[in-house]
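Colleague: Could you walk me through this model, a few questions at a time?

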Amino acid sequence: MSDSASMISTSAIAKSLELPLQQLFSTLKDYEWIRKVDDGWALTAKGEFEGGEYRHSRKYGRYIVWPESVLEHPLLLGLESNRLLSAQVLGKRFGLTAREVNRVFDECGLLRRDFNGWQLTERGLVHGGIQYDADHSGMAYAMWPESVLDWPPLQRGLVYWQQLLQQLTQGAATDLFSSEWRSPDGHLHTDAARLLVCHWLYMAGVNHALGRALPLDGAERAADFYLPVCGLYLQIAGEGAGAARDELALRNLCEQHDIPLVILRGDDLPRLDEILTRALRRFGVALL
């Protein structure tokens, strides 16, 4: 038995080499150091030859450890130079969530969403995407080489969303936007806040109408957005006393007639993905 002080876990190896853990597990499996079993991973004869051993803990059960010298193994050094990027890592570069990044890949035709998660397309394979399944959920996802960011359509999609968020949080004009405030789905808006919400709905695959009147006889009141998939109305709060009165009247009317309404405020917009994903889930719409 090796000295336990010189042994490190697979996750520690991944952290040391700054590799995605799933990429490391997949590579060790492909090179037959480990194999998948019902309760996790098991060592193969080759893995034992490379120094792999089992450890047990109350919290994690059985897991595999390796000698620290494996960090210098040519297999792992080669992996370090071919690191794959997850949607979460890419999102941090652009100030987006992993979901938002995946939706840009989807809109560019590199991924497609289904009930099993995010599936690579033929175009995604051409651009170097690698398909994985999450161990804990079985949901599909993809990881990407750094070079995928060199593809202009993808780069434009990520930068567009990033700059729109910056426009809202910093209040600075950019060359990206014209006075028409046209969203990617062709809708025209009067301000960046409505443009952002429209863009989010389009990228999430949520059908929506603009300025839809409430479903009341003789009612002239309308909300900024209507989502027919769940009957939900969205309104973006304005500024000033007049806007506050209009908002209160709209809220009271919706409560009186049991009409679902969500009002978004300025400080909600930087967290729009979190807030709208949670709101839609409450109304029975689950999104990737």
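Modeller: Gladly! Let me begin with a definition: two strands pair if DSSP finds at least two bridges between them. Do keep in mind that this is a predicted model.

Colleague: Thanks. Which residue in E5 does Ser9 stand opposite?

Modeller: Start from the strands: E1 and E5 pair in the antiparallel sense over three bridges. Within E5, the residue opposite Ser9 is Val65.

Colleague: Which residues of H1 are buried, and what arc do they cover around the axis?

Modeller: The buried residues of helix H1 (residues 10-17) are Thr10, Ile13, Ala14 and Leu17. An α-helix has 3.6 residues a turn, so residues three or four places apart point the same way. The buried residues of H1 pack against strand E1 (7-9), H2, E5 and helix H4 (74-80). They sit on the same side of H1, because the arc they cover is only 100°.

Colleague: On to the rings. How are the planes of Trp33 and Trp66 arranged?

Modeller: By the rule used here, the count comes to five aromatic pairs, and Trp33 with Trp66 is one of them. Their centres are 5.5 Å apart and the angle between the planes is 45°. Planes under 30 degrees apart would count as stacked and over 60 as edge-to-face, so this pair is tilted.

Colleague: Why does that pair tie together separate parts of the sequence?

Modeller: Trp33 lies in the loop between helix H2 (21-30) and strand E2 (34-37), whereas Trp66 belongs to strand E5 (residues 61-67). Both Trp33 and Trp66 are buried. The pair therefore ties together parts whose separation in sequence is 33 residues.

Colleague: Are Tyr226 and Tyr233 buried or exposed?

Modeller: Buried means under 20% relative accessible area. Tyr226 has 14% and Tyr233 has 3%. Therefore Tyr226 is buried, and Tyr233 is likewise buried.

Colleague: Which residue is the bridge partner of Ala209 in E11?

Modeller: E10 and strand E11 (residues 225-227) pair in the antiparallel sense over two bridges. They belong to an open sheet of four strands, in the order E10-E11-E12-E13 and with mixed pairing. In E11, the partner of Ala209 is Tyr226.

Colleague: Last one: which residue lies over the face of Tyr54?

Modeller: There is a charge over Trp41 too, where Lys36 lies at 5.2 Å from the ring centre. For Tyr54 the distance from the ring centre is 4.1 Å. The residue over the face of Tyr54 is Arg62.

Note on methods: Residues are numbered from 1 along each chain as its sequence is written. This is a predicted model: local features need pLDDT of at least 70, side-chain atom pairs count only at pLDDT 80 or more; totals for chains, interfaces and linings use all residues. Side-chain values use heavy atoms; hydrogens and water are left out. Rings of Phe, Tyr and Trp (its six-membered ring) pair if their centres lie within 6.5 Å; planes under 30 degrees apart count as stacked, over 60 as edge-to-face and the rest as tilted. Buried means under 20% relative accessible area, exposed over 50%, partly exposed in between (1.4 Å probe, protein chains only). A charge sits over a ring if NZ of Lys or CZ of Arg is within 6 Å of the ring centre and within 35 degrees of the ring normal. The arc is that of the directions from the helix axis to the C-beta atoms. Contact means heavy atoms within 4.5 Å.
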